[in-house]
Amino acid sequence: MKILIIGSGGREYAIASKIKEQDSSVDITFAPGNGKTKSEFKNIDLAVMDFDNLANYAKENDIDFTIVGPEDPLCFGIVDKFEAEGLKIFGPKKEAAMFEKSKAFSKKFMEKYNIDTAKYLETDSVEEAKKYAYSLLHESKVNKVVLKYDGLAQGKGVIIASSEEGINEALNELLLDKKFGDDKIIVEEYIDGFETSVHVLISNGEYIMFPSAKDHKKVYEGETGENTGGMGSYSPNLMSLPYLKDIEEELVKPFIKGLKEEGIDYRGVLFAGLMINSDGIKVLEFNTRFGDPETEVILERLDSSLLDALIKTSEARLNEYKLEVNDKKIVNVVLASGGYPAKYDKGCEIKGLDTLSKDVKVNYAGVKADGDKLLTNGGRVLNILCKADTFEEAYKKVYDEIQKFHLIKCIIGGILVQWLRVYVCKKMNLMLNQTV
């Protein structure tokens, strides 16, 4: 079977690696791919937004199935294009991808179908936003307010302000400087609690929930840095386990009902960010593709065929798929270029990969090939994963192996996951046993 994967990051590498691990006969091509997919699979020099040439390549090369990784091509209609050409592809159509393209669209949908979320204001007015943000700030018990760019921002368009000065700076960045574009913004109440995410395959009213995971957004440990696309992840998220049935009843089922009533053809994965506290489960955001770096740990829990799941989802035959997962504990740590998520250098040689133990796995993201050398070529460079029976074992192995790298100036091992949360989860075991 011939597969085309659109994208170049750690998520796309993880998907290809899992498919190949489960079926070595599959022929995988990347567009555009990275320095490691070039040597392990095959790369073609086509950008993710080059829909016409991507579709032509799929037809001319007898591609059986295409998998779309990043959000931009989904939000701008690549699935519509491929299906119009008679090509099989995984991902939601443009209409369904609006759940990620516009936070305001998602908010209105949630209000209509009684899916709990934070109260908010949609606006493009600085004064209106400032007035509403100030009021939320002074009402908040924790003196925080959230400001979000409505459109696509590669996971970086969310600012949490804890003062009027912070609100003003955020509004200047989002509305006056238009850092991410011309779209409106969402001013939202800050919801405290513990964060989790859920990945749900959805197809023609059928759904399957993947294993739970948790990512770490801040660039430094201790929640001290800027938001990023994700600095690490682990699965399962022990704190969320007692709530999975509630998440299904309060989020997944109402979402499916809303899709049916709105006539939205959703065939793909829904990735929802959630906050859970004493008030219940609230949705922070929707994404219409696999999360990164959550995908890296979720797929390590999957024993049943990933490719079969994606194909059956796209063909509206998800009811024929049986999900099988293992009970391993997965830890994933991201190594990022120095300076990320702001300005960072590229082209630094990565050394130490040949010394890594078989106990860890590497998912390659922002890398490029230079002869026999592998160089940094992005903000998030490598994902170092370990699968073990306990979090303690996985955690220790990952961090022990990281020390083997030659960490030159533009790749730093200090940008890692806040693992205190894992230990908090461990201490909750008694509570979890009492809850179940």
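Colleague: Quick one to start. Where is Asn-204 found?

Modeller: Asn-204 is in the loop between β9 (194-203) and β10 (206-209). Keep in mind that this is a predicted model.

Colleague: Noted. Is Asn-204 buried or exposed?

Modeller: Exposed. Asn-204 has 60% relative accessibility, and the cut-off for exposed is over 50%.

Colleague: What is its phi like?

Modeller: Asn-204 has a positive phi, about 55°, although it is not a glycine.

Colleague: Why would you point that out?

Modeller: Because most residues other than glycine have a negative phi.

Colleague: What about Asn-143, what phi does that one have?

Modeller: Asn-143 has a positive phi of about 55°, and it is not a glycine. Asn-143 sits in the loop between α8 (126-139) and β6. At 42% relative accessibility, Asn-143 counts as partly exposed.

Colleague: And which residue has a positive phi just after α7?

Modeller: Asn-114. Its phi is about 55°.

Colleague: Let's stay with α7. Which of its residues are buried?

Modeller: Lys-103, Ala-104, Ser-106, Lys-107, Phe-109 and Met-110 are buried in α7.

Colleague: What covers them?

Modeller: Several elements do. The cover of the buried α7 residues includes the helices α6 (98-101) and α10 (244-262). It also includes the strands β5 (120-123), β6 (145-149), β8 (185-189) and β14 (280-287).

Colleague: Which side chain does Lys-107 make a polar contact with?

Modeller: The side chain of Glu-188. The two side chains are 2.5 Å apart in that contact.

Colleague: What else is Lys-107 in contact with, beyond its sequence neighbours?

Modeller: Setting aside neighbours within four places in sequence, Lys-107 touches Thr-117, Ala-118, Tyr-120 and Glu-188.

Colleague: What happens at the start of α7?

Modeller: Ser-102 comes in there. One of its side-chain oxygens reaches to within 3.4 Å of the backbone nitrogen of Ala-104.

Colleague: New topic. Where is Glu-71?

Modeller: Glu-71 is in helix α4, residues 71-75. Glu-71 is buried, with a relative accessible area of 8%.

Colleague: Which residues does Glu-71 contact, leaving out its neighbours within four places in sequence?

Modeller: Arg-11, Glu-100, Leu-152, Gln-154 and Arg-289.

Colleague: How far is Glu-71 from Ser-233 in space?

Modeller: 20 Å, C-alpha to C-alpha. In sequence, Glu-71 and Ser-233 are 162 residues apart.

Colleague: Now for cis bonds. Which residues does the one with omega about 0° join?

Modeller: Ala-31 and Pro-32. Pro-32 is in strand β2.

Colleague: And which peptide bond is cis with omega near 10°?

Modeller: The one from Tyr-340 to Pro-341. Pro-341 lies in the loop between β15 (329-337) and β16 (360-364). As background, most peptide bonds are trans.

Colleague: Let's go back towards the start of the chain. Where is Asp-23?

Modeller: Asp-23 is in the loop between α1 (10-22) and β2 (27-32). With 34% relative accessibility, Asp-23 counts as partly exposed.

Colleague: What does its side chain make a polar contact with?

Modeller: The side chain of Ser-25, at 2.6 Å.

Colleague: How far apart are the C-alpha atoms of Asp-23 and Met-1?

Modeller: 9.7 Å. Asp-23 and Met-1 are 22 residues apart along the chain.

Colleague: Zooming out. How many helices and strands are there?

Modeller: 15 helices and 20 strands.

Colleague: How does the radius of gyration fit a compact globule?

Modeller: It agrees. With 436 residues, a compact globule would have a radius near 22 Å, and the chain has 21 Å. The C-alpha trace spans about 55 × 50 × 50 Å along its principal axes.

Colleague: What share of the residues is buried?

Modeller: 56% of the 436 residues count as buried. The chain exposes about 18500 Å², and carbon and sulfur atoms supply 46% of that.

Colleague: What about contacts across the sequence, what share joins residues at least 24 apart?

Modeller: 70%, among contacts between residues at least 6 apart in sequence.

How values were computed: Residues are numbered from 1 along each chain as its sequence is written. This is a predicted model: local features need pLDDT of at least 70, side-chain atom pairs count only at pLDDT 80 or more; totals for chains, interfaces and linings use all residues. Side-chain values use heavy atoms; hydrogens and water are left out. Helices (H or I, at least four residues) and strands (E, at least two) are DSSP runs, numbered from the N terminus. The radius of gyration is taken over C-alpha atoms; the globule rule is 2.2 Å times the number of residues to the power 0.38. Buried means under 20% relative accessible area, exposed over 50%, partly exposed in between (1.4 Å probe, protein chains only). Contact means heavy atoms within 4.5 Å. Accessible areas come from the Shrake-Rupley method with a 1.4 Å probe; for residues, only the protein chains shown count as cover. A polar contact is a pair of N or O atoms within 3.5 Å; within protein, one must be able to donate a hydrogen and the other to accept it, and residues adjacent in sequence count only if both atoms are side-chain atoms.
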